Amino acid sequence: METVSKNKQTTSSSALRIKRGLAVGFPIMLGYIPIAITYGVLAKQAGLSLTELTLMSVLVFAGASQFMGANMIALGAGAVEIIIATFVLNFRHFVMSLSFMNRLRTVDLKWKIPLSLGLTDETFAVSSLHPKEAKEDKGFLFYSALTLIAYLSWVVGSFLGGVLGEVIPEKLSQSMGIALYAMFIGLLIPSVKKELRVGFIAIIAMLINVICLQFMSSGWAIVAGTVLGGLSGLFILKEERA
Amino acid sequence: MILLIIIGMSVVTMLPRVIPTFIVDKLQFKDWVNRWLNAIPYAALGALIFPGILSVNADKPHIGLVGGLVAVILAYIGLNVIFVVIGAIVSVFLLTML
């Protein structure tokens, strides 16, 4: 009898984690779908087939790199050139993954590997600002749910863009371009309200990014802003934070 | 050829994401490294927001800036992220219509 009720409890707490993950991942979906559709449209115009452009979303799952990749394919750039540019643009995920995986130390490797592969700027930002779940039982289900909803919206959106072409009026799709930035702001502000010093870290990272953009590619500039901005945290956040 | 490019892109995006999983599994970090890694999300958000937000409308950088300010205000008054996103989209849409 006791085991039955205990089983029930685990199922319901698992369901709860998944539900919370989907809810928290919903804004990512809102931001991804229009951008993915735009990617699909552009990639089609760049000469990729529907299968190729969808496959790229399935295998690469990195917005900025895919836009750039499609663009470079259209311009007739070489494979090596495109692959190196992708690496540079996405290297920031190394730093982000290091930070996120360090929080998930207690989670099983077999869950951490797919979670790391689903890491994007957006899934990282949302996951990191919900650190509490990393310590909870079955917390990985929360992160998996939010990563999966982001992944599926990206893949489905790309496919739709490839099929439907210009479905969204340009003015609307352009306005959608603010969505992910607004989400980043919506994630950052509550943390700043809780602890003002966190805002200084973000502002230092912005400034470093701006300075580095003068003499390096945007990919490396974001890496520099993230790494050095994070280092400023050593002086700004004195004590160990949970 | 395109397939080869896609596979190459896949490999170079997967490696930076997955390698830290094994690093963290094998190593214990010193206290300052942990603190650095805990500050990374805020730094990443900063670097991702600015100056990228200015390119929402490449010809009119102020549009992204206004959209960002609307997002700051909506987030500050405590709205859920979804409404922050919708509010910013609507304000940018209205600005482009003007």
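In this predicted model, A:Lys138 comes out as partly exposed, with 17 other C-beta atoms within 10 Å. A:Lys138 is found in the loop between α7 (121-128) and α8 (139-164) of chain A. Its backbone is worth a look too: phi is positive, about 60°, even though A:Lys138 is not a glycine. Most residues other than glycine have a negative phi.

A:Phe61 is another non-glycine residue with a positive phi, here about 45°. This residue also belongs to a loop of chain A, the one between α2 (50-59) and α3 (63-74). The surroundings are those of a buried residue, because A:Phe61 has 24 C-beta neighbours inside 10 Å. Most peptide bonds, by contrast, are trans. B:Pro51 is placed in the loop between α2 and α3 of chain B.

Next, the domains. Chain A is assigned a domain 1 (14-178) and a domain 2 (195-242), and their C-alpha centres lie 23 Å apart. The contact between them draws five residues from domain 1 of chain A and seven residues from domain 2 of chain A. On the domain 1 side, α4 (79-90) and α5 (92-103) of chain A each supply at least two residues. That side splits into four nonpolar residues, no polar ones and one charged. Chain B is likewise divided, into domain 1 (1-49) and domain 2 (52-98). For chain B, the two domain centres, taken over C-alpha atoms, are separated by 29 Å.

As for how the chains meet, the contact takes 81 residues from chain A and 63 residues from chain B. On the chain B side, the elements giving two or more residues are α1 (2-26), α2 (31-49), α3 (61-76) and α4 (81-97). Of these, α1(B) makes the largest contribution, with 20 residues.

Helix α2 of chain B deserves a paragraph to itself. Its 19 residues reach 28 Å from first C-alpha to last, close to the 27 Å expected at 1.5 Å a residue. Along the way, α2(B) bends by about 35° at B:Ile40, with a proline, B:Pro41, following within four residues. The helix is largely enclosed by the rest of the structure, because 15 of its 19 residues are buried.

One of the elements that meets α2 of chain B is helix α12 of chain A: the buried residues of α12(A) pack against α5 and α11 (196-213) of chain A together with α2 of chain B. Those buried residues are A:Ala221, A:Ile222, A:Val223, A:Gly225, A:Thr226, A:Gly229, A:Gly230, A:Leu231, A:Ser232 and A:Gly233. Helix α12 (residues 218-236) of chain A has 19 residues, which should span 27 Å at 1.5 Å a residue; the end C-alpha atoms are 26 Å apart, so the two values agree.

The largest nonpolar core has 101 residues, and A:Ala182, A:Phe184, A:Ile185 and B:Leu45 are the ones with the most contacts inside it. Helix α1 (residues 2-45) of chain A provides the largest share of this core, 12 residues. A:Ile185 reaches across to chain B: leaving out residues up to four places away in sequence, it touches B:Ile49, B:Gly68, B:Ala71, B:Val72, B:Ala75 and B:Val84.

Finally, B:Val66 lies in helix α3 of chain B. With 18 other C-beta atoms within 10 Å, B:Val66 is partly exposed. Once neighbours within four places in sequence are set aside, B:Val66 is in contact with B:Ser91 and B:Leu95. B:Val66 also pairs up in space with B:Val92: the two are 26 residues apart in sequence, and their C-alpha atoms are 7.5 Å apart.

Note on methods
Residues are numbered from 1 along each chain as its sequence is written. Chains are lettered from A and ligands numbered from 1 in the order in which they are written. This is a predicted model: local features need pLDDT of at least 70, side-chain atom pairs count only at pLDDT 80 or more; totals for chains, interfaces and linings use all residues. Two residues are in contact if their C-beta atoms, placed from the backbone, lie within 7 Å. Domain bounds come from an automatic or database domain assignment. The expected span of a helix is 1.5 Å times one less than its number of residues. The bend at a residue is the angle between axes fitted to the seven residues ending there and the seven starting there. A residue is buried if 20 or more other C-beta atoms lie within 10 Å of its own, exposed if 12 or fewer, and partly exposed in between; C-beta atoms are placed from the backbone. A nonpolar core is a set of buried Ala, Val, Leu, Ile, Met, Phe, Trp, Tyr and Cys residues joined through C-beta atoms within 7 Å. Ala, Val, Leu, Ile, Met, Phe, Trp, Tyr, Cys and Pro count as nonpolar, Asp, Glu, Lys and Arg as charged, and the others, Gly among them, as polar.
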